[in-house]
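Biologist: I would like a close look at a single part of this model. Please take me through it step by step.

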Amino acid sequence: MRRQRGSRIPGAPLRPAMTAPAPASKPVKVRIAPSPTGDPHVGTAYISLFNYAFAKQRGGKFLLRIEDTDRARSTRQSEEAILASLRWLGFTWDEGPDVGGPSAPYRQSERLPIYREHVEQLVAAGKAYWCSCTEERLAAVRKEQMARKQNPGYDRHCRTRNPAEVRAEIEAGATGVVRLAVPREGETVFNDLLRGEIRFANAEIDDQVLLKSDGYPTYHLANIVDDHLMGITHVLRGEEWITSTPKHVLLYQAFGWEMPAFGHLPLLRNADKSKVSKRKNPVSLSYFREAGYLPEALINFLGMMAFTFEDGREMFSLKDFVENFKLERISLGGPVFDLAKLRWLNARYLRERTSDAEWVAYLKDRLFQDEYLTRIVQLVRERVEKSEDFVAYADFFFKGDVTPPAAELMLKDCSKKAVVVLYEELVEKVDTCFDFSASNVEAMMRHFCEQKGVSAKDVFAAVRLMVTGKKATPPLFETMSVLGRERVRTRIRAAIAALKALPEQPAGEAKKP
RNA sequence: GUCCCUGUCGUCUAGAGGCCCAGGACGUGGCCCUUUCAAGGCUAAAACACGGGUUCGAAUCCCGUCAGGGACACCA
C-alpha cells in the first residue's frame with residue numbers, strides 16, 4: 001500500500017493533515033469513548049493505545065468518556081470493569097468519570113439536558129426534524145424497499161409533513177424521535193488523517209435518528225456534542241466508523257462548529273479476516289489478565305498491530321511507544337489478532353524482564369491469591385485426605401487448557417452438529433451471565449436445559465467435563481463460579497472446537513435427533 | 001444488493017520508482033547445544049492478488065478487474 005494521502009491536491013504538502021492538524025494551534029486532546037455494554041474489549045485497548053500515544057507525544061490530553069446511551073445494555077458493572085482493565089494496562093486519563101475534569105460529567109447518561117438543548121437548536125434551525133413514524137411503518141417501508149431492491153433507509157416521510165402536526169401527534173402520545181435533515185444533493189467530504197480524502201454522495205446518507213424516543217441521544221449526536229464541548233481535536237477511532245463520519249461532518253456543519261481531525265484505524269481481525277469477535281477469539285481484557293498475560297506484553301503486542309517502529313524494534317514499552325509513535329507509520333490492512341505471537345512476546349517478558357521475586361509476587365497475586373485459594377479449599381476440603389492430594393484434585397483451578405476427551409461430550413440421541421449448536425448456545429448464555437454466583441449459574445443452566453428440552457443431568461455432566469476435564473469434581477455450579485466466567489467460556493469454546501474436530505458420527509454411537 | 005475502506009510469505013510487517021530474482025519477526029520443518037523439556041544458535045520452505053498502462057526502469061505511480069473487510073438500527 002502506497003500512501004498518497006492528500007497528494008491529489010496540487011501544491012499541497014504530502015499528507016497535510018498530519019503535519020498540520022486540522023484545528024491548528026489548539027492543544028491536542030483526544031478521547032477514548034467506550035460503551036459499557038459488556039466485557040472490556042481488546043479493541044478498546046488497541047484504540048486507546050493509539051490515541052494515548054498520539055496525545056502524550058504532543059503533550060496533549062487523553063480523556064475517557066463513557067458512552068452509555070444504550071439504556072438497555074449499559075451497566076455500571078461493565079463500566080467499572082473497563083476502567084479497571086485500562087488501568088491494568090497502564091493507561092491514565094486526564095479527564096474521566098472517575099477523575100473528573102473541566103467538562104464533567106463524563107458519562108453521557110448524565111448529560112441528557114445538554115443533548116436535548118442542542119437538538120432543539122438544530123430543529124429550530126431546520127437542520128433536524130421531529131418524526132412520529134411508528135416502528136411498524138418503518139418496518140413496512142423497509143420491507144418494500146428490500147422487495148424493490150432499493151437501499152433500506154428512512155423515506156423522509158415526516159420531513160415533508162407539517163412540523164406542527166407531527167409535534168401535535170407526539171404530544172398526544174405518539175413516539176417521537178428527532179432526525180437529521182440530510183441534504184438531498186451534493187457530497188459530504190472529509191479528509192481522513194490516514195487515508196486522505198473520502199467522499200460520500202449525500203443521497204446515500206440516511207436521515208439518522210439523533211434523539212431516541214426515550215429522550216436519549218444516539219451515538220451520533222452525543223458524540224459530536226461532547227467532542228465539541230470537551231474540546232476534542234483529533235478523533236482516532238475504528239474503521240467501522242468511516243461510513244457514519246459524513247453524518248458527523250454534517251452535524252458539525254449544522255451546528256456551525258469547527259471539526260476535529262478524523263483518523264480511522266484498521267480493525268483488528270479474526271483469523272478469517274472478519275472483525276475480531278468473541279465468537280472466534282478471546283477478546284476480553286479480563287481473559288488476558290486471568291490467563292496470565294502481562295499487561296506490558298499485551299500493550300506491546302497491540303502496538304505491533306498495524307504499527308512498526310522505524311528501527312524495527314519488536315519489544316517496547318508503553319513509554320517507548322509514546323515516544324516513537326507516528327501516524328504515518330500505521331499500515332492500513334486489518335491486522336489479524338494472532339495469539340501465537342502474543343504468547344511468544346509474553347514468554348519473552350516473563351523470561352527476560354521478570355525477576356524470580358517478581359514471578360513469585362505475580363503468582364501469588366494471580367493464581368495463588370488467598371481469596372481464590374480459600375474458595376477452592378472450601379470446595380475440596382471434604383474430598384481430600386491429605387494436603388498433597390489437593391494438587392491432583394484441584395489442578396483444573398490452576399490450569400490453562402483442560403483437554404476433556406471430546407468423544408465423551410456427546411449427548412444421548414443427538415447428532416454431533418446438534419450438540420455443537422447446543423453448546424454454542426450455552427456459551428452465549430455464559431457470556432451474558434454477569435452475575436456468576438453459583439446460584440445464578442445454576443438458575444441459568446437449569447433454565448437453559450429446560451428451554452432446550454434436554455436432560456439437565458446429561459448436560460451438566462458434559463459441562464463438568466468441559467470446564468474441569470474431569471468426571472469427579474466439587475459441585476458443578478460452585479466450581480464454575482470459582483473458575484469464573486472467563487475460564488468457563490474459554491474452556492467450553494475449546495471443547496466445542498475439539499468436538500468439531502471429531503470424525504463425523506463415531507461408530508454407530510449417535511442416532512438422528 | 002448499495003456505498004466506503006483495504007490488498008507484500010500461513011500471521012505481524014519492512015518497503016515513498018533503481019539499494020529488492022523483496023528484508024525482519026512469529027509460526028512450521030531440519031541441524032547444533034543438551035540427561036529431559038524449554039531457552040539459545042544455525043538453517044530451510046514460504047509473499048509483491050490479476051491485467052493493462054506511465055517510465056530507460058514499478059512491490060512502489062495511474063486505470064480496470066478480482067478478492068477481503070466494514071457500514072447500511074430509536075447499538076455503539
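This is a predicted model: local features need pLDDT of at least 70, side-chain atom pairs count only at pLDDT 80 or more; totals for chains, interfaces and linings use all residues.

Modeller: Start with the cysteine you asked about. The sulfur of Cys-133 lies 3.5 Å from the sulfur of Cys-158, its closest cysteine sulfur. A disulfide needs the two sulfur atoms within 2.5 Å, so this pair is too far apart for a bond. Cys-133 itself is buried, because its relative accessibility is 10% and the cut-off for buried is under 20%.

Cys-433 gives a second case. Its closest cysteine sulfur belongs to Cys-449, and the distance is 13 Å. That is again too far for a bond. Cys-433 also counts as buried, at 6% relative accessibility. By the 2.5 Å rule, the count of disulfides comes to zero.

Next, the aromatic rings. The structure holds 26 aromatic pairs. One of them joins Tyr-52 and Phe-91. Their ring centres are 5.3 Å apart, and their planes stand at 75°. Planes over 60 degrees apart count as edge-to-face, so this pair is edge-to-face.

Tyr-372 and Phe-397 make another pair. Here the centres are 6.5 Å apart and the planes are at 85°, so this pair too is edge-to-face. Tyr-372 belongs to helix H14, residues 370–380. Phe-397 belongs to the loop between helix H15 (389–394) and helix H16 (416–431). This pair ties together parts that are 25 residues apart in sequence. Tyr-372 is buried, with a relative accessible area of 9%. Phe-397 is buried as well, at 0%.

Ring pairs can also link up into a cluster. Tyr-46, Phe-50, Phe-307, Phe-309, Phe-316, Phe-321 and Phe-325 are joined in this way.

Now turn to two helices, H18 and H19. Two packed helices are described by the angle between their axes and the distance between the axes. H18 spans residues 456–468, and H19 spans residues 476–483. Their axes come within 11 Å and cross at roughly 30°. The crossing is left-handed. On the H18 side, the contact is made by Phe-460, Val-463, Arg-464, Val-467 and Thr-468. On the H19 side, Leu-476, Phe-477, Thr-479, Met-480 and Leu-483 take part. These contact residues divide into seven nonpolar, two polar and one charged.

How enclosed is H19? Seven of its eight residues are buried, so H19 is largely enclosed by the rest of the structure. The buried ones are Leu-476, Phe-477, Thr-479, Met-480, Ser-481, Val-482 and Leu-483. They pack against helix H9 (285–291), H14, helix H17 (438–452), H18 and helix H20 (485–501). H14 is also the helix that holds Tyr-372. Just after H19 comes Gly-484, with a positive phi of about 95°.

Finally, look at Ala-461, which lies in H18. Ala-461 is partly exposed, with a relative accessible area of 43%.

Key. Residues are numbered from 1 along each chain as its sequence is written. Chains are lettered from A and ligands numbered from 1 in the order in which they are written. Side-chain values use heavy atoms; hydrogens and water are left out. Axes are lines fitted to C-alpha atoms, for helices over the stretch in contact, and angles run from 0 to 180 degrees between N-to-C directions. Helices (H or I, at least four residues) and strands (E, at least two) are DSSP runs, numbered from the N terminus. A crossing is left-handed if the near helix is turned anticlockwise from the far one by less than a right angle, and right-handed if clockwise. Contact means heavy atoms within 4.5 Å. Ala, Val, Leu, Ile, Met, Phe, Trp, Tyr, Cys and Pro count as nonpolar, Asp, Glu, Lys and Arg as charged, and the others, Gly among them, as polar. Buried means under 20% relative accessible area, exposed over 50%, partly exposed in between (1.4 Å probe, protein chains only). Rings of Phe, Tyr and Trp (its six-membered ring) pair if their centres lie within 6.5 Å; planes under 30 degrees apart count as stacked, over 60 as edge-to-face and the rest as tilted.
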